[in-house]
Amino acid sequence: MLLPTGYYVVGGAVAVAASFLVLAVLPPRLLERISASRLPIGQFGDAARIWISTLAFAVLAILVAAGILGSRDPLSNPLPLTVWTLVWVGLTLLQGVFGNVWSWTNPWYGPWRIFSSVFPAFRDRTMPQGLAYWPALILFASFAWFELIYPAPEDPARLAFALMAYWLSTFVCMIIFGYEGWSRRGEFLSAFFRMVSHFAIVETTPDHPSGGRALSLCWPGAKLWSAQALPASGMLFLLLTLSSVSFDGLSKTFSWLGANGVNPLEFPGRSALVGINSAGLVLMFIALVAVFFAAVFVGERLAGSISFGKAVGLLVWSIVPIALAYHFSHYLTALLVNGQNALVAISDPFDRGWNLFGTAHMNVGAGVIMGSDAAWIIWNFQAAAIIGGHILAVLVAHGLAFRLHPARSRAALSQFPLTVFMVGYTVFGLWLLSTPTAV
């Protein structure tokens, strides 16, 4: 951090604002051609999907057993390290780059295929359209509370029992409502990962002549331009994913703790803040929804349109690049250190002195995030992700706006309030990175 923090904040805000001015004068057809360009790279079949998913289920069963029988230390037990670091952080970022890897690696598809082949009467069940994304929204809210507010989300035994209950309840729902419907709009991880995968540079499409899928490369976020408008529950779900990560950063700052009468230098622990942080998580979500909806509403009024429902359902996809950027920036240091701890733990999952993969005695280098050089590199990566994510969000929003308003002037007018919102969120994100935190 060779420059004052204010320079980064102002520079980031100016960069996002400038991107709006550049995009406002670009011809819509140029953006359409860019978003539609694809580079074919091959094809693959789905035959192995059932076996990969079944293997993932077996790995989950071993991890749950390790959570119950292994070390009580969250940094030595592979279950919390896998769930909170490898899956929630690492796999989210992989989804944002390589597409919907989770559709192959989730622990339900294989067991469901086996079950449905034995009991074919359950194969064609469908989920009522009226449920929309409400189940996923409720489940993600519960997950966010468990991760951010619950006093011991990393306790291996408690996490193991929570995972067992969630896997079983999800499998029952897939039997009742069908795999496709529940995985798309009911199971929150599948719904979240599917949305995030729209940003990826890898696209898969059905390849009917070969019976498999065609694989191609595209520009980051290009698939978002052709996304369909989300219903109200889908919009709220996507906004909740961003607000929860944002609040996680806010809840650790000296400003938040001080405003709630907590001395940040004598942090009392999560148990003492359950009520305060629960209220804060809800308020952050409400504030983000209100500001985003207001920005879209004002933009549509400026453009002379009254199709607010369609506009907000479509433009909410511009949140995906921001959510990915915040995910990367917020969890980067945890990924760098706990990723190493995970490599150590998986070699001795039951704390028996094993060395299954030759990594049990690997030195965990916490120095990767310590020291002035490391701090400078990490800060700049985080700041670049925040700024770049918002610039890409402006780009995606412009592409979506042209679907609502073919006239360039009206599309630009509709995006002005949303760009102001994104500039403000850029400043907020960079402030979160630079302000002192207690934990």
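A residue is called buried when its relative accessible area is under 20%, exposed when over 50%, and partly exposed in between (1.4 Å probe, protein chains only). By this criterion His405 is buried, because its relative accessible area is 3%. The model is predicted, so that local features need pLDDT of at least 70 and side-chain atom pairs count only at pLDDT 80 or more, while totals for chains, interfaces and linings use all residues. Residues are numbered from 1 along each chain as its sequence is written, and side-chain values use heavy atoms, without hydrogens or water.

His405 lies in the loop between H16 and helix H17 (408-434); helices (H or I, at least four residues) and strands (E, at least two) are DSSP runs numbered from the N terminus. Contacts, defined as heavy atoms within 4.5 Å, link His405 to Glu300, Ala303, Ser305, Arg410, Ala411 and Ser414, not counting residues up to four places away in sequence.

A nonpolar core is a set of buried Ala, Val, Leu, Ile, Met, Phe, Trp, Tyr and Cys residues joined through side-chain atoms within 4.5 Å. The largest such core holds 109 residues, and Phe237, Phe292, Trp317, Ile319, Leu418, Phe421 and Met422 touch the most other members. Helix H16 (residues 372-404) supplies the largest share of this core, 12 residues. With residues up to four places away in sequence left out, Phe237 touches Ala136, Leu137, Phe140, Phe188, Ala191, Phe192 and Met195.

In soluble globular proteins, nonpolar side chains tend to be buried together. Elsewhere, strand S1 (39-44) includes Leu39, and helix H4 spans residues 78-98.
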